[in-house]
Structure formats: structure tokens, C-alpha cells
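Hi,

Have a look at it first, and then read on.

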Amino acid sequence: AHAIDLKEDTRLKATGKLYLDGGGNTYITESSADRVKIFVGGDELVNIIEGSTNLFRLSDSVKGTFGNADDLQIYHDGSNSYIQNEVGDLQIFNKADDKDIILSSDDGSGGTTAYLTLDGSAETVTVSKKLLVEDSVWVALGNSSDAALYHDDSNAYFRSWKWSIFITTETDDQDIVLSSDDGSGG
């Protein structure tokens, strides 16, 4: 083998292709001004676009992977998007002081709204839309799950297995009201 001395830039004509495997299936090309595409095995895997968009685009079903064994994968299959972890915990951090992690989705009328907010400054979790807990799934309370709230498709329960239950209102001139059906739909 001999060394190649490249003292000058190597240039390809516009829309030319730099073939990498000696054949015609793996190459890099500038498909148009400020747009570079990478093809492997004849399939377009990457599209790099400079300009007003500044994108590094992986084609549908091409997985962006991280880790020596492709342990974390991020991809879109043409219909849905995925973040998939194969090993260990998947941890999401926001280390900016007093900032939040916000999970937003479509609001049913063409806009988006926050459904769940991890509020760093208030040190709270805010649920902004209805929280649906399915039948027979318990909402456990306490470090040892000493109390629970659940519904079993027939009845609703609030149970404590260890301590007393207190129902208290601390607002002046307010009541605790327990209501039930009166037997005639009221």
C-alpha cells in the first residue's frame, strides 16, 4: 500500500457521488445545494440539510443508537416515534436550576397542552388533565404502601393497613359533607 498525499482539497462536481464500497450502493452525495445524503446498500439513511432548517435527518425506521451494543435507540417508523432502552434504567434529567420537565400532548382541539409537569422550583408534580387509574390498580400512599385508593369495577376503596385515618378541613366556616344516593336517583 502507498500513502496518498492530499495537498489540495478534493472536489466533486455538483450532485456527484463519492462511492465507498467500490460498487454503486454505498455513497455520499450532495443531492442539491446545501443537502448531503448518505446511502448504504442503496438505501438513504441520512440526509443533512443546511439553511433555514439545519437538520440532521435519519430516514424512517433508521435507528439512532447509543452505546457499544446499541443499548439506547431513537427512531421513527413512518407512523410512530420511539425511545427504547435495552439495558439499565432510562433516566431523564433537567439540571437547569428551578426549571421543569413537561410532558405535553395534543389537547383534542388542534393545540397542545401540558399533561404532566415535574416542577423543579415548586418541587411538585402537577397533573393538568384527568388522571385515569384503571380498575383494581392501587394508588399506594406512604413509603411502605400503608394506605391505598382503588376501584375494583364494583366499589371504590380508601384503605389504611397501619394507622388511623383523619378527614380534616382547616378552612374557617367550612364543612365536611358525606353524600350518598337517596335511593331514588338523587
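A charge sits over a ring here if NZ of Lys or CZ of Arg is within 6 Å of the ring centre and within 35 degrees of the ring normal. Please keep in mind that this is a predicted model.

With that rule, Lys63 has its charged end over the ring of Tyr75, 4.8 Å from the centre of that ring. A second case is Lys95, whose charged end sits over the ring of Phe93 at 5.7 Å from its centre.

Strands β7 (residues 72-76) and β8 (residues 81-85) run antiparallel and are joined by five bridges. Four residues lie between the two strands, and Gly78 in the turn has a positive phi of about 100 degrees.

Now to the aromatic rings. A pair of aromatic rings is described by the distance of the centres and the angle of the planes. How many aromatic pairs does the count come to? There are six aromatic pairs. In one of them, the ring centres of Tyr27 and Phe39 are 4.7 Å apart and the planes meet at 15 degrees, so this pair is stacked. Tyr27 belongs to strand β2 (residues 27-32) and Phe39 to strand β3 (residues 35-40), so the pair ties together parts that are twelve residues apart in sequence. Tyr27 and Phe39 are both buried.

Elsewhere, ring pairs link Trp138, Tyr150, Tyr157 and Trp161 into a cluster.

Three strands in the order β9-β10-β11 make up an open sheet with antiparallel pairing. The edges are β9 (100-106) and β11 (124-127); each has a single partner strand, so one side of each is left without a neighbour in the sheet. On average, neighbouring strands of this sheet are turned by 20 degrees against each other, direction ignored. Between β9 and β10 (residues 112-119) there are seven bridges, and Ser105 has Thr113 in β10 as its bridge partner.

Notes: Residues numbered from 1 in each chain as written. Predicted model: local features only at pLDDT ≥ 70, side-chain atom pairs only at ≥ 80, totals over all residues. Heavy atoms only, no water. Pairing = 2+ DSSP bridges. Axes fitted to C-alpha atoms, helices over the stretch in contact; angles between N-to-C directions. Phe/Tyr/Trp six-rings, centres within 6.5 Å; stacked < 30°, edge-to-face > 60°. Buried < 20%, exposed > 50% of the residue type's maximum accessible area, 1.4 Å probe, protein only.
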